[in-house]
Amino acid sequence: MSNNETGSGSRGTSTTAAASAEGRRPSTRPGTGLVTVLRVGLSRVGYETRMYFRTTDSVFFTFLFPFIMLAIFTAAFGSSGNIGTAPDGSGGISVGAYYLPGMLAAGMLLSGVQNLAVDIAGEKGDGTLKRLGGTPLSPLSYFIGKIGQVLVTGVFQAALLILVARVLLGIDLPTDPEKWLTFAWVFLLGVITSAFLGIALSALPRSGKSATAVVIPIVLVLQFISGVYLQFYLLPDWMQNAASVFPLKWMAQGMRGVFLPDSFASLEQNESWDFPLIALNLLIWLVVGLVLSRVTFRWIRKDT
């Protein structure tokens, strides 16, 4: 083979390799990079949602769990009478009506924190993230897919829980549009905050197998001290103060402000629903979750 042929072959090989590498590289043309990232992220929302509903344990322990707990509390304590009754026994609300806000808040926490923390830790453990890290997939597209899945399933869960509460348990729902507007922003802030915190918390388990053992106790303790399973006003002051550090307490308080009569506001720490303070705390935790998830997220664990 002549030198010309050799040189031509080398150039051809180099050109082919360069073209191949260029084909694997995401588009960086001005005006198309962000659009591509968003498009890929939105397409992953559908994929992540389908995978979520195909995982039996995720559906049971995050999606259906609030329904089960609401049914248990209603059946176990319904016969003891209404909560918040007057001295003469009048007034008050049913047990189911009282616990509905807590179950809605728990659903947000479970769908975001528990679901994503366990799911992403499992993807790190089985090599899924390592394989995704070798593709042009942007971390932002990955985040959009995960957060979008939490938002879609969270909306579906909340809507179904409210429907069950109204139709099967006969719980009266708010009729004031302002209450539903409050529900919308508390729910949106709560779900997105929980999703970011779930991504951040996924860095804590050292393996996919240990994720459940690490994450579930944290989530369970938060639910007990934040007014989800226990009546918050009956908890000692130090426990209420401890719960106030974390976002679940504010999510539950916001939901109580939507679904409970205004007379129950006097049972809160500051004897009011404190909606501005709820918004402030959830926004702070949203920023904290965003920063932590960005700082701690890795396609591959550093200590592996």
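Predicted model: local features only at pLDDT ≥ 70, side-chain atom pairs only at ≥ 80, totals over all residues.
Residues are numbered from 1 along each chain as its sequence is written, and side-chain values rest on heavy atoms, with hydrogens and water left out. Helices (DSSP runs of H or I, at least four residues) and strands (runs of E, at least two) are numbered from the N terminus.

Helix α10 covers residues 247-259, and its end C-alpha atoms are 19 Å apart, which agrees with the 18 Å that its 13 residues should span at 1.5 Å a residue; the expected span is 1.5 Å times one less than the number of residues. This helix is mostly covered, since 13 of its 13 residues are buried, where buried means under 20% relative accessible area, exposed means over 50%, and partly exposed lies in between (1.4 Å probe, protein chains only). The charged end of K249 sits over the ring of W250, at 3.7 Å from the ring centre; for such a contact, NZ of Lys or CZ of Arg must be within 6 Å of the ring centre and within 35 degrees of the ring normal.

Helix α8, residues 211-225, contains L220, and T212 also has its place in α8. L220 is partly exposed, with a relative accessible area of 38%, and T212 is partly exposed with a relative accessible area of 38%. Across the fold, L220 and A106 are 114 residues apart in sequence but 9.7 Å apart in space, C-alpha to C-alpha, while T212 and D119 are 93 residues apart in sequence and 9.4 Å apart in space, again from C-alpha to C-alpha.

The structure holds 20 aromatic pairs, a pair being two rings of Phe, Tyr or Trp (its six-membered ring) whose centres lie within 6.5 Å, with planes under 30 degrees apart counted as stacked, over 60 as edge-to-face and the rest as tilted. Y52 and F53 form an edge-to-face pair, 5.1 Å centre to centre with 85° between the planes; Y52 is buried at a relative accessible area of 4%, whereas F53 is partly exposed at 35%. F73 and Y229 form a tilted pair, 6.0 Å centre to centre with 35° between the planes. This second pair links distant parts of the chain, with F73 in helix α3 (residues 56-77) and Y229 in the loop between α8 and α9 (237-243), 156 residues apart. F73 is buried, with a relative accessible area of 10%, and Y229 also counts as buried, at 5%. Both residues belong to one aromatic cluster, which is formed by F73, F77, Y98, Y99, F224, Y229 and F264.

Rolling a probe the size of a water molecule over the atoms shows where empty space is left. On a 1 Å grid over the protein atoms alone, a cavity is a set of points where a 1.4 Å probe fits but cannot get out, and a pocket is an open set with protein on both sides within 12 Å along at least five of seven lines, while lining residues have an atom within 4 Å of a point. Grid points are joined across faces, edges and corners, and a volume is the space filled by probe spheres set on the points.

The largest pocket has a volume of about 500 Å³ and is lined by 23 residues, of which T55, S58, N115, V118 and D119 lie nearest its centre. The largest share of this lining, six residues, comes from α4. The lining divides into eight nonpolar, nine polar and six charged residues, where Ala, Val, Leu, Ile, Met, Phe, Trp, Tyr, Cys and Pro count as nonpolar, Asp, Glu, Lys and Arg as charged, and the others, Gly among them, as polar.

Three cavities of 30 Å³ or more were counted. The largest cavity, with a volume of about 50 Å³, is lined by Y98, F232, Y233, R256, L260, F264, L267 and E268, which divide into six nonpolar, no polar and two charged residues. The second largest cavity holds about 40 Å³ of space, and its lining includes M103, G154 and F187; α4 and α6 are the elements that give two or more residues to this lining.
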